[in-house]
Amino acid sequence: MCGIVGATAQNEVVNLIVDGLRTLEYRGYDSAGIAAQNAEEVMIRKEPGKISALQNSLVKNPVSGNCAIGHTRWATHGKPNRENAHPHVSGNAIAVVHNGIIENSAELKQLLVNCGYRFASETDSETIPHLVDLYLSAGNSFFEACRKAISHLEGSYAVAITFANEPGKIIAARKGSPLIVAQGEQGFMVVSDVIALQEKNQIVYYLEEGDIAEVSADNCEFYDSKGKRVSRTGTRLGQSECVATKKDFDSFMQKEIFEQPEAVRATLARRLVNGKVSERLFDKGSSAILDGVENIHIVACGTSLNAGHVAKYWLESVAGIPCQVEIASEYRYRNPVVPPKTLFLSISQSGETADTLAALRFANDSPYLGSLGICNTNNSSLFRESEAAILTKAGVEVGVASTKALTTQLTALALLVLKIGELRNTPDAVLHNIADALLNLPSALDEALKTEEKIKEVARSISRHKSVLFLGRGHHYPVAVEGALKLKEISYVHAEAYAAGELKHGPLALVDGSMPVVVLCPENNLLEKLSSNIEEVKARHGQVYLLADHDISSQTCRGAKNTIEFEGGDSFISPIIFNVPLQLLAYHTAEFLGKNVDQPRNLAKSVTVE
Ligand code: F6R
């Protein structure tokens with residue numbers, strides 16, 4: 001999604017902005033631009049395509065200044081061309097970069113056109129500089145003009161605004177989209193993601209909903225949406241929060257797949273004590289949020305939603321608690337019924353996914369027992385707006401396709417299941433088995449990573465096909481769904497997942513000698529049923545690829561084109577482990593097809609718009 005990097009300092013900042021934009025490339029974008037300001041003028045450069053195009057343009061036509069705002073745009077309103085790229089200007093004096101969507105832009109545009117403004121782009125964002133200009137023309141100060149302009153915006157926004165007549169000043173504001181002000185040695189920065197901060201040890205201020213900040217090289221003042229001065233507490237940025245390198249790996253995604261044992265270890269650390277879940281599970285609030293819980297509603301998007309689906313199987317079978325899992329964009333618009341004593345549980349890597357946040361806000365106004373968030377980003381909107389929160393300790397995830405975030409979400413969910421099991425008197429023996437299996441999870445993941453070379457062979461043949469089916473049963477069904485999602489998002493090979501028992505209710509019609517069918521084959525009580533489903537595929541000459549527990553029977557494997565055996569682990573943690581070969585399969589298929597695995601087309605890392 002779009003990214004913002006602004007800086008005002010005692011020294012030249014253009015390189016700082018370009019370097020910051022580069023670190024945001026992973027979020028997905030299709031054009032980039034910068035507005036630099038010195039005492040005499042505001043200079044704009046913007047280009048469609050990659051940041052390298054913007055850099056080439058800056059080589060030909062350099063800009064300089066001690067104050068600048070930069071942007072990477074992920075197109076929503078209008079094509080990814082130069083006109084629609086940010087910054088947008090009014091009268092060549094006011095420059096604005098914007099993340100989010102202005103929902104009433106058509107109305108605002110009409111009003112501004114009636115006042116004589118001409119629009120150079122198709123974007124909703126261009127309404128903002130013209131609105132600021134309108135209020136400046138009416139005699140307002142720069143800050144007041146921005147505040148009044150922003151008060152008209154409906155939808156979501158994070159904005160940074162500069163004005164030629166006030167050199168060195170940036171007005172920053174947010175609602176529904178993250179924005180951070182950071183104080184460094186040379187001045188201040190305004191960024192949409194801490195990863196864009198080049199200098200470590202900065203003091204960062206996370207703007208709250210509706211906040212406006214008036215930022216200059218040596219000072220920053222915070223105001224609420226009514227213009228009342230407020231104080232915001234800064235926190236010092238740790239090294240790990242802003243460092244993201246590929247190390248010796250070919251891509252961030254590959255590195256993140258191999259970081260999973262460590263990420264899971266960090267997520268478990270100090271949370272399981274003598275087989276019991278400690279209060280340290282909660283990074284905000286406490287286990288009191290679970291008191292009297294009788295139902296759970298899980299809401300999330302994409303991969304995080306798939307984690308929620310696995311948790312439903314766990315919660316109902318281990319803790320005996322009814323659980324409903326729902327896509328956030330559906331949930332938020334359908335007036336869900338909330339049974340008494342229901343906990344709302346949202347899951348999000350970024351903590352900034354627009355639909356998940358909207359669902360959380362709805363839940364916070366509904367008669368839930370409480371809202372609990374599972375999230376990888378401390379201080380994200382989801383973390384701040386949930387009553388209680390559990391942080392996954394995956395570290396920064398740069399690859400657009402979620403890998404270590406998912407495994408750590410599942411780990412956190414497993415701990416939560418244990419905690420709820422403890423409260424609901426699940427037999428100790430069951431809970432101890434799960435606790436032991438979780439402690440063994442990092443080494444089990446290490447083992448699963450050893451399948452890489454064999455998976456490459458499967459990936460080579462999958463990469464020759466246009467479409468793939470994934471099958472699973474029980475709590476491996478959502479894992480099959482995740483495997484299909486991963487494959488399609490980074491390799492662009494069409495993939496669908498089915499609960500294996502559903503095969504003969506429709507999808508079996510697709511199976512012939514050219515259809516690869518990837519089957520998740522754990523050793524559990526459903527294996528016999530699954531074996532029958534595999535026979536149905538073989539009978540239609542489908543190409544069966546089995547990802548299987550070491551000890552499954554040779555009868556099941558007979559006739560499969562390829563079987564990859566590994567230690568799937570205890571039945572409870574097995575869905576976590578089965579993710580690993582599926583991630584490797586997607587990764588290597590995409591590699592064989594020459595795709596950009598870290599930045600797949602059309603996708604963004606953090607989906608901050610609806
Ligand atoms: C897929 C993927 C997405 C995200 C989804 C939700 O690999 O990464 O499907 O899982 O956009 O994002 P978060 O978890 O940040 O809310």
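What follows is a short briefing on the ligand and its surroundings, then on aromatic pairs. Keep in mind that this is a predicted model.

**Who's around the ligand**
- There are 13 residues around the ligand, and the ones that come nearest are Ser304, Ser348, Ser350, Thr353 and Glu489.
- Sorted by class, that shell has eight polar, three nonpolar and two charged residues.
- Two helices, α9 (302–319) and α17 (477–491), each bring at least two residues to the shell.
- Helix α9 gives the largest share, with three residues.

- Threonine 353 has a side-chain N or O atom 2.5 Å from an oxygen atom of the ligand.
- Glutamate 489 also uses its side chain: a polar atom there lies 2.5 Å from an oxygen atom of the ligand.
- With glutamine 349, look at the backbone: one of its polar backbone atoms is 2.7 Å from a ligand oxygen.

**Aromatic pairs**
- The structure has nine aromatic pairs.
- One of them is stacked: tryptophan 314 and phenylalanine 572 sit 4.5 Å apart, centre to centre, with 20° between their planes.
- Tryptophan 314 is in helix α9 and phenylalanine 572 is in the loop between β27 (562–566) and α20 (574–592), so this pair ties together parts that are 258 residues apart in sequence.

Note on methods
Residues numbered from 1 in each chain as written. Predicted model: local features only at pLDDT ≥ 70, side-chain atom pairs only at ≥ 80, totals over all residues. Heavy atoms only, no water. Near = heavy atom within 4 Å. Polar contact = N/O pair within 3.5 Å; in protein donor to acceptor, adjacent residues only side chain to side chain. Helix = DSSP H or I, 4+ residues; strand = E, 2+ residues; numbered from the N terminus. Nonpolar A, V, L, I, M, F, W, Y, C, P; charged D, E, K, R; others polar. Phe/Tyr/Trp six-rings, centres within 6.5 Å; stacked < 30°, edge-to-face > 60°.
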